[in-house]
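Please keep the sequence and the model at hand while reading.

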Amino acid sequence: LAKRITRPSATSAQHVVEDLFNHVDLILDGGDATIGIESTVIDMTRNPPVILRPGGIPVERIHQVVSEVKWMLHNPENDDPTPPKSPGMLSKHYSPRAEVLLFEGEASRVIEAMRHKSLELGQDHKSVGVLSTDEEAHFFLETGARVISMGSVNNLEKVAHVQFRAMRVLDNQHVEKILVRGYGKQGLGAAIWDRLV
């Protein structure tokens, strides 16, 4: 689906309308995206091949077919001045209007850090959104944040499927900060992480 370069990816025709209204003559609605995050992009011109953007096919499954493939973690602090080799390699490629604060580490510590940050931001009169999971959403209900559950922590396919939609919902609610935790850098966790940094 089409989108503006600095917006979360469109996963429905309505998102395309929001981003490209008055910029295109026609939008074809083929239904909502079935995966949510974009495709995996591999540079096969290199030896060994390099994953430029992890996506709906986890890195581990690609290794089963192309065993020598490498994944170079994108570092948004060190954006290369040369044109990117793939969509999604710019540090602001998938950004909502709100600032995204990514928390990483052991789940219970991360949740406590997110709760603390949410309360702190609320005391500073900042509008806060939290992207959470079914199992963890209740930890944030008394923080005053707008909480969106993206599904079960045990179903990262669902989390990846709704991540961009959830970001857009919070953007439309005009939150200033979005708090979200990472789910590791294995399997679909890698693709989810890639969209948050």
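Buried means under 20% relative accessible area, exposed over 50%, and partly exposed in between (1.4 Å probe, protein chains only). Helices (H or I, at least four residues) and strands (E, at least two) are DSSP runs, numbered from the N terminus. The model is predicted: local features need pLDDT of at least 70 and side-chain atom pairs count only at pLDDT 80 or more, whereas totals for chains, interfaces and linings use all residues. Residues are numbered from 1 along each chain as its sequence is written, and side-chain values use heavy atoms, with hydrogens and water left out.

Helix α5 (residues 188-196) is largely enclosed by the rest of the structure, because nine of its nine residues are buried. Among them are W193, D194 and R195. The cover over these buried residues includes β2 (50-53), β3 (70-71), β4, α4 (156-172) and β7.

An open sheet of four strands has the order β4-β7-β5-β6, with parallel pairing; two strands pair if DSSP finds at least two bridges between them. Its edge strands, β4 (99-103) and β6 (146-149), each pair on one side only. Strand β5 (residues 128-132) is joined to β6 by four bridges in the parallel sense, and I148 in β6 is the bridge partner of L131.

L131, M150 and I192 touch the most other members of the largest nonpolar core, which has 21 residues. Such a core is a set of buried Ala, Val, Leu, Ile, Met, Phe, Trp, Tyr and Cys residues joined through side-chain atoms within 4.5 Å. Its largest share, eight residues, comes from α4.

Terms used
Contact = heavy atoms within 4.5 Å.
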